[in-house]
Amino acid sequence: MIDSHCHLADEAFLEDLPAVIERARAAGLTAALCVVDVSNPAEGERAQAAAALWDGVWTTAGVHPHTAGAYADRPARSVELVAQRVGRDPRVRAIGEIGLDYHYDFAPRDVQREVFAAQVAFARQAGLPVVVHTREADEDTLQILEHSGRGDLRGVFHCFSGGPKLARRAVALGFHVSFSGILTFPKALAVREAAREVPIDRLLVETDSPYLAPVPLRGKRNEPASVVLIARELARLRDTDETVCAATIVENFRTLFRP
C-alpha cells in the first residue's frame, strides 16, 4: 500500500518520526508522498530527514494557497522557489499541493489564482504532475487547470471532498482522484458516492496526515499507517477485493508519480 499524500514534514511528527515511519512500514506501506511547501524551508529539511529514515519517502514542491499571499504581485517568485526545490531534490515527483482555498481565504483570491496558474504552467513545462487542493473554488480551479495546463497536464485532486459531478470533471481532464479519511465518515455521502464512480485506474488513497484521521481513529493525530483503513473502506464501497484494490492503487500511484 502507498499513502499518496501526507505531511511527514509537519511539526506534529517532530517528536516521534522514526516510530511513525516504522508503524507505516509494519502496516505494509512501501511508499509515501510527503508534501513540501517551499515557503517553509524548515519543512523541506524535515522532508529530507524523513527520506533519510525511509527510502520509500518521495516528495513534492509547491506553494499552498494558504501561503500564496507572500507572492502578491510576484507569482513568478513562487515558481522560482519551486524550480529550485525541484532542481536540488531528486525525490520530488510532483508540484503541490497547489490550488485555491476560498473557505479560509488566508490569501486574497486573485493572488491565489495567479500563484496557482503560474505553478500549473511550470508543472506542464517541467513534465511533472500537480497535486491539487480545491475548497469551495471548484469552477476557478477547473478553469485554471484547463487554461494554464493547456490540456497537457497530469495530476490528482487530493483529499477529495466533492461529489460525483466534480469527480467526473476531474477524470475528464485526465486527473486522478484521491480519497482521504473523509471517505470513512458516515455523513460524507457525496464523497462516498464519488468513490464508487471514479474509474478504477484513476483511484488513489491518502491520509493527509496529521489531519483527518479515519474512523475509528477520528479525532486523533493521523499518520500514514492508517491509509490501510481508507483503502479497506474504498474496497468495501466498490464491492472489490481488498487485495486487488490495494494493488491497483499502488499501480495508479506509480503511473502518475513515476517513483
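User: How do the residues of the lining of the largest pocket divide into nonpolar, polar and charged?

Analyst: This is a predicted model. The largest pocket holds about 860 Å³ of space, and 36 residues line it. That lining divides into 13 nonpolar, 12 polar and 11 charged residues.

User: Which residues are the closest to the centre of the largest pocket?

Analyst: The elements that give two or more residues to the lining of this pocket are helix H2 (41-53), strand E4 (92-101) and strand E5 (130-135). Of the 36 lining residues, the closest to the centre are His64, His66, Glu97, His133 and Asp208.

User: Which element gives the most to the lining of the largest pocket?

Analyst: H2, E4 and E5 each give two or more residues to that lining. With four residues, the element that gives the most is E5.

User: Which elements give two or more residues to the lining of the second largest pocket?

Analyst: About 160 Å³ of space lies in the second largest pocket. Its lining includes Pro41, Gly44, Glu45 and Gln48, and also Leu81, Gln84, Arg85 and Arg88. The residues of this lining divide into four nonpolar, four polar and four charged. The elements that give two or more residues to the lining are H2 and H3.

User: Are H7 and H8 oblique or perpendicular to each other?

Analyst: The axes of helix H7 (residues 189-197) and helix H8 (residues 227-237) are 9 Å apart, and the helices pack at an angle of about 70°. Angles of 65 to 115 degrees count as roughly perpendicular. H7 and H8 are therefore roughly perpendicular.

User: How many residues of the contact of H7 with H8 are charged?

Analyst: Arg192, Ala195 and Arg196 in H7 meet Glu233, Leu234, Arg236 and Leu237 in H8. Three residues of this contact are nonpolar and no residues are polar. The number of charged residues is four.

User: Is the peptide bond from glycine 96 to glutamate 97 cis or trans?

Analyst: Most peptide bonds are trans. Glutamate 97 lies in strand E4, and is among the residues closest to the centre of the largest pocket. Omega of the bond from glycine 96 to glutamate 97 is near 0°, and the bond is cis.

User: Where does proline 210 lie?

Analyst: The peptide bond from serine 209 to proline 210 is cis, with omega near 20°. Proline 210 lies in the loop between strand E8 (203-205) and H8.

User: What is phi of aspartate 105?

Analyst: Most residues other than glycine have a negative phi. Aspartate 105, in the loop between E4 and H4, has a positive value. Its phi is near 50°.

Note on methods
Residues are numbered from 1 along each chain as its sequence is written. This is a predicted model: local features need pLDDT of at least 70, side-chain atom pairs count only at pLDDT 80 or more; totals for chains, interfaces and linings use all residues. Side-chain values use heavy atoms; hydrogens and water are left out. On a 1 Å grid over the protein atoms alone, a cavity is a set of points where a 1.4 Å probe fits but cannot get out, and a pocket is an open set with protein on both sides within 12 Å along at least five of seven lines; lining residues have an atom within 4 Å of a point. Grid points are joined across faces, edges and corners, and a volume is the space filled by probe spheres set on the points. Ala, Val, Leu, Ile, Met, Phe, Trp, Tyr, Cys and Pro count as nonpolar, Asp, Glu, Lys and Arg as charged, and the others, Gly among them, as polar. Axes are lines fitted to C-alpha atoms, for helices over the stretch in contact, and angles run from 0 to 180 degrees between N-to-C directions. Angles under 35 degrees count as roughly parallel, over 145 as roughly antiparallel, 65 to 115 as roughly perpendicular and the rest as oblique. Contact means heavy atoms within 4.5 Å.
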